[in-house]
Structure formats: structure tokens, C-alpha cells
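Dear colleague,

I am handing over the structure below, and after it you will find an account of what was found. Please read the notes with the coordinates open beside them.

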Amino acid sequence: MSITVQGVTRFYGEQKALDNVSFEIRTGEIVGFLGPNGAGKTTMMKIITGFIPASSGTVLVNGIEIGDGSNEVKKKIGYLPESNPLYPEMYVREYLGFVASLYKSDSTHKKQIDKIIEMTGLAPEQKKKIGSLSKGYRQRVGLAQALIHNPEILILDEATTGLDPNQIVEIRNLILEAGKEKTVMLSTHIMQEVEAICDRVIIIDKGFIVADEEKSNIYSKIRLHKQRVHVGFDKKVAESDLLSIVNITKVLPAENNRWLIEAEGDEDIRPAIFSFAVKNNLTVLSLQKEESNLEEVFRHLTNG
């Protein structure tokens, strides 16, 4: 199912949280929704899921407008809020059965609950009270409740917040597995997560969309006008000599005659480094340019 956001604006009193936001998420995409704290991510997700209304603009899920008074479209959406509200006094299986019953669908069947428990790795904990679970397992319960009615769209707000590295990988794999059959919108502050699992990146800042690109294109979209190169020579080189190369602004020594070189401008600095080596009777043992990463792009676009 697709999500279409058209000119959405949202006020909290006199504060504008979203300003004429528009984008579309196509069926089957996993989209990373990024932005600094207070940028409007959670507000946008709450509007898409129908938890709060937009002040103006529309949200369509497969052509049906959210907020038209019908709950049918909401049944197609699974939502994991950032706060992951759970009932700590309920047992895991009991809670999932309760959530499934709210949707009044075939998903209330025991086999569906068994399937979701197995998918999310909750089998060893299913007879425990939610309040006794670790943070990682509570996140699994939150993801399980979002999946229990077999929705076609998943909206996940900071799904891996507070988890250790092993738990992050486990939840990431669950999202990837779910994304094979569903449209997924994922909010996160973990850039490696987006690079690992998302097809597309939307970046929001101060209520505006500042980037909306396929993951493979977003790096080339932003020219950061600087570059870093790792170079290794066969013998010692003076820092002052390296700084004499045109456009090089900073050099940092590493082990075994290796250097990290920073240069201004978009023109590739590597030919100049190679020419310097030839001129000074040096052998270049390694020469590698660092590619821009998503964190750099994010900081550049949001003035971080």
C-alpha cells in the first residue's frame, strides 16, 4: 500500500511543527525518516496513523484519506510509537491476544499469534509478564503488536532506541524481514541503520522536507566541498611538504608513513598527491578517497 502526504501543516498552539509537507511512499519501500529532535518526525507519523489530525493538508493511504471517519484504513497500518506504551501487568501472549482482538479480524486466531511470537523471537518469554522483560524484549513486544493484525504498512518510530548493539541487529533483521511484504516508514537517529535497511531517505528539519532521495543518490545530491584521502608512502614525508600541495588544508599522520589528508574543493585531490610522490621520488603504497556518509549529509542539511 502507498502513503501520500499532500501539503500537511500542523500547529501546536502558535508553534508550527510541520510546514506544507508533501511526499509519497510507494508500495513495498522501506523509507528512513530522519531529522533532529523537534524536527516534526513524530508529529508526521502520528498524523499518518490517524492519532492526531493535520491542521491542513491530507494524508492518503492507498487513495483513502486518513481522518474520514472510517477505521478500515487504520486496520492496514501497524504502529510502534517511540514511547512503546505497554501494559506491564499483562503476560506477553495475553497482551498480543488482546491487541489482536481490537482489530476484530482473522488475526485473532491462535495460529497468527503463534506466528508473530515466533517471528519476533518472543517464544521463550511468552508466558512472562511484560513488566519483567528486558528493554530489548519489550521492544520486540512492541513490534509484535504492530504486526499482529498483519498490516500492509508499518510505521516505526525509533524502534531501536535504548537497545544494545546485538539487540539493534536483531530488531533490524526483523524489520528487514517484515519489509519483504510491507511498506515501512522508519524513524531513527542511527545512520548505520538507515544505510543497512532503507531503500530511500527523507530528511526533515524545522518542519520542512530538506531531502527526499533514493539511498544510492543522496550522497551525490549534497556536495560538501571537501574531501578526505588516506595515503601511504614507502618512506617518511614532512608535514610541511604535504601541506604545500594545492588545496590541501590539513594532514594527520598515522602509522607506517600513512597520512589522512583533508582538502578543499570538489576536484579529486588524488592526482595531485600522485604527482607530488613522483616529484619527490616516493612510492605510493595506498591511496583511497573517503566517500561521504549519511551522517555527513544529515549534518550538512540540518546545519548540525
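This is a predicted model: local features need pLDDT of at least 70, side-chain atom pairs count only at pLDDT 80 or more; totals for chains, interfaces and linings use all residues.

Residues are numbered from 1 along each chain as its sequence is written, and side-chain values use heavy atoms, with hydrogens and water left out. Helices (H or I, at least four residues) and strands (E, at least two) are DSSP runs, numbered from the N terminus. A residue is called buried under 20% relative accessible area, exposed over 50% and partly exposed in between, with a 1.4 Å probe and protein chains only. Two strands are said to pair if DSSP finds at least two bridges between them.

To begin with β9 (residues 200–205), six of its six residues are buried, and both faces of the strand are covered, with R200, I202 and I204 on one side and V201, I203 and D205 on the other. With β10 (residues 208–214) the pairing of β9 is antiparallel and runs over six bridges. The hairpin of β9 and β10 has two residues between the strands, and in it K206 takes a positive phi near 55°.

Strand β1 (residues 3–12) has seven of its ten residues buried, so it is largely enclosed by the rest of the structure. It pairs antiparallel with β2 (residues 15–25) over seven bridges, and it is joined to β4 (residues 56–61), also antiparallel, by five bridges. V5 stands opposite F23 in β2 and opposite V59 in β4. In the hairpin of β1 and β2, which has two residues between the strands, G13 takes a positive phi near 65°.

Turning to helix α5 (residues 165–178), its 14 residues should span 20 Å at 1.5 Å a residue, and the end C-alpha atoms are 20 Å apart, which agrees; the expected span is 1.5 Å times one less than the number of residues. Its buried residues are Q167, I168, I171, R172, L174, I175 and A178. Seen down the axis of α5, these fall within an arc of 155°, so they line one face of the helix, the arc being that of the directions from the helix axis to the C-beta atoms. The face turned away from the buried side carries the exposed residues P165 and N166. At the N-terminal end, D164 caps α5, with a side-chain oxygen 3.0 Å from the backbone nitrogen of N166.

Finally, the aromatic rings: those of Phe, Tyr and Trp (its six-membered ring) pair if their centres lie within 6.5 Å, with planes under 30 degrees apart counted as stacked, over 60 as edge-to-face and the rest as tilted. The count comes to five aromatic pairs. In one of them, the rings of Y87 and F98 have their centres 6.0 Å apart and their planes at 80°, so the pair is edge-to-face. Y87 is partly exposed at 41% relative accessible area, and F98 is partly exposed at 32%. Y87, Y95 and F98 form one aromatic cluster.

With best wishes

Notes. A polar contact is a pair of N or O atoms within 3.5 Å; within protein, one must be able to donate a hydrogen and the other to accept it, and residues adjacent in sequence count only if both atoms are side-chain atoms.
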